[in-house]
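Please open the model in your viewer and keep the selection tool at hand. The tour moves from one selection to the next and says what is there.

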Amino acid sequence: MVSDKNNGEKVNRLLAALSPIEYQRLLPDFKEVWLENNQVIYQPNEEITEVYFPLDALISIVSTLKDGSTTEIAVVGNQGMVGLPILWGGSTSIVNTVVQVAGNAIKLSASKLKSECSKKGKLENLLQLYTQALFAQIAQNAACNVHHTIEQRLARWLLTVQDCIPQNELPLTQEFMASMLGVRRSGVTQAAGMLQQAKIIHYVRGKITILDREALEEVSCECYQVVKQEYKRLFDNLS
């Protein structure tokens with residue numbers, strides 16, 4: 001059963017911003033599903049038949065090269081959805097979409113989403129605004145990967161993950177973080193070690209605990225605040 005959008009638990013912010021009429025119209029087609037860690041949602045050139053609105057799961061949009069190297073280009077939590085190519089006139093993804101942190105999501109058929117958006121109601125407007133915010137995240141990440149240090153990028157990434165799943169303990173391995181940042185594991189090990197030595201984070205195998213978020217924001221580059229402000233602008237427009 002889909003969670004009550006107003007009960008303060010397991011809420012997707014886009015779905016919560018729908019008008020009551022639209023929400024009730026879509027409610028019979030919502031299916032709450034559990035997404036496993038490392039579960040592949042979409043692969044390149046694979047047809048998109050369902051879209052997903054995360055509740056407490058965290059999903060990465062990942063670019064993969066022929067040699068298998070990967071870089072995360074965007075992260076999607078309860079502020080967004082995956083499956084946007086459906087709205088752009090496409091039917092497939094050109095990137096991998098993978099569950100980063102296991103959790104719940106609302107699944108909706110792609111055909112139902114397109115049908116609802118064709119009514120030109122609030123859902124279509126919400127997703128257009130979300131597309132703009134997601135593009136801002138992708139563009140800023142591209143600049144960040146070129147111009148900022150691994151330590152700054154790691155701090156920015158941890159802050160973004162925590163914004164999507166608001167808890168201090170994050171189930172993340174150094175190998176996974178290196179893969180998402182597109183760097184060698186040794187680089188992440190050194191950057192995480194510096195943050196741990198400064199008592200900003202605590203790292204044990206497979207888990208990072210954020211001890212001092214304020215200090216982590218100081219270490220992070222400006223990219224974190226740029227993207228955060230864009231999402232704030234999005235949700236200010238929704239209210």
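Select Glu32, which counts as buried at 19% relative accessibility, where buried means under 20% relative accessible area, exposed over 50% and partly exposed in between, with a 1.4 Å probe and protein chains only. Its partner is Lys10, and the closest N and O atoms of this salt bridge are 2.6 Å apart; a salt bridge is a side-chain nitrogen of Lys or Arg within 4 Å of a carboxyl oxygen of Asp or Glu. Lys10 sits in the segment before α1 (13–16) and Glu32 in strand β1 (residues 31–35), so that the pair links distant parts of the chain, 22 residues apart. Lys10 counts as partly exposed, at 34% relative accessibility.

This is a predicted model, in which local features need pLDDT of at least 70 and side-chain atom pairs count only at pLDDT 80 or more, while totals for chains, interfaces and linings use all residues. Residues are numbered from 1 along each chain as its sequence is written, and side-chain values use heavy atoms, with hydrogens and water left out. Helices (H or I, at least four residues) and strands (E, at least two) are DSSP runs, numbered from the N terminus.

Next, select Arg25 and Glu116, whose side chains meet in a salt bridge of 2.5 Å, N to O. Because Arg25 lies in helix α2 (residues 20–26) and Glu116 in helix α3, the pair ties together parts that are 91 residues apart in sequence. Arg25 is partly exposed, with a relative accessible area of 33%, whereas Glu116 is buried, at 1%.

Move on to helix α9 (residues 223–238), where Glu230 and Arg233 are three residues apart and therefore separated by about one helical turn. These two also form a salt bridge, with the closest N and O atoms 2.6 Å apart; Glu230 counts as buried at 17% relative accessibility, and Arg233 is partly exposed at 36%.

The structure holds nine salt bridges.
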